[in-house]
Amino acid sequence: MLRIRNLKCYYGKIMALKGVSLHIGQGELVTLIGTNGSGKSTLLQAICGLMNHWDGEIRFKDASLRGADPPAVVKAGISLVPEGRQIFPPLTVEDNLMLGAYTRLRRGERQAVARDLEMVSKLFPVLRERVQQLAGTLSGGEQQMLAIGRALMARPQLLVLDEPSMGLAPLVVARILETLADLRREGLTILLVEQNARAALQIADRGYVLETGRIVLQGRAADLLVDEEVKRAYLGKDYRD
Ligand code: ATP
């Protein structure tokens, strides 16, 4: 579904990605793990049309994303849940969700959008209870659920998440990752960027490890979880077999 070949991304003269290749098949949940500054967000920004300077190839459903701006990327079927959520604090929960369906509403898909609003409310019942609450007054975990819900309102074929566990309590993280695993079981294709490597690998089909702009390891998530190098560098002391 998504195929990236030899991707190089630049911030001025700095090369943040130095020739990254990866692929995501239909229905897969793939995770990208790596330490701070390894280039994870840069990769997502390139996919989502937010990087100005890149070389290489990014293809989605066999079409090149070269030159595609963010609205075109959403239209092609990719939705991003950005790092730090970036919801609209002064708007209600419902308005935030409807903004995710903005292009669909303009296309006149009113009924389908209403069905999806119901689907998101079922997925995250806490949002249903708070439809009229201002998004800025939600807890961190609720805001993350809202950000995921908003991305789903675009009816993506590929959902891309940038560190959804950031700053959240372990129980909330578990709840969010379980929801991603459910969405994957229902057939959604997912690219999950996470610093919480163990939790991500536990729900993923496959994983890639990024280090200073290069993929240094890749494989089945189950294999990466027991890989000595991954355990040492990414799973921390509290890792238990
Ligand atoms: P984190 O987990 O901390 O979010 P990351 O893996 O997402 O890190 P990136 O944000 O992609 O890493 O950054 C990759 C490299 O590119 C870093 O060295 C960073 O300093 C650099 N970089 C990122 N954004 C810019 C920018 N706007 N201008 C210049 N350099 C940048």
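**View 1. Confidence along the predicted chain.** The chain has a mean pLDDT of 92, with 98% of its residues at 70 or more; pLDDT is the predictor's confidence in each residue, from 0 to 100. Over residues 237-241 the pLDDT is below 50, and this stretch has six contacts in the model beyond near neighbours in sequence (contact means heavy atoms within 4.5 Å). This is a predicted model, so to speak with care: local features need pLDDT of at least 70, side-chain atom pairs count only at pLDDT 80 or more, and totals for chains, interfaces and linings use all residues. Residues are numbered from 1 along each chain as its sequence is written, and side-chain values use heavy atoms, with hydrogens and water left out.

**View 2. The shell around the ligand.** Here you can find the 13 residues that surround the ligand, the closest being Asn36, Gly37, Lys40, Ser41 and Thr42; a residue is counted if one of its heavy atoms lies within 4 Å. Helix H1 (residues 40-47) supplies the largest share of this shell, three residues. By type, the shell holds two nonpolar, eight polar and three charged residues, with Asp, Glu, Lys and Arg as charged, Ala, Val, Leu, Ile, Met, Phe, Trp, Tyr, Cys and Pro as nonpolar, and the others, Gly among them, as polar.

View 3. A ligand oxygen lies 2.8 Å from a polar backbone atom of Ser41. For Ser38, a polar backbone atom is 3.1 Å from an oxygen atom of the ligand. Glu163 takes part through its side chain, where an N or O atom is 3.1 Å from a ligand oxygen. Taken alone the ligand exposes 630 Å², and the protein buries 60% of that (Shrake-Rupley method, 1.4 Å probe).

How values were computed: A polar contact is a pair of N or O atoms within 3.5 Å; within protein, one must be able to donate a hydrogen and the other to accept it, and residues adjacent in sequence count only if both atoms are side-chain atoms. Helices (H or I, at least four residues) and strands (E, at least two) are DSSP runs, numbered from the N terminus.
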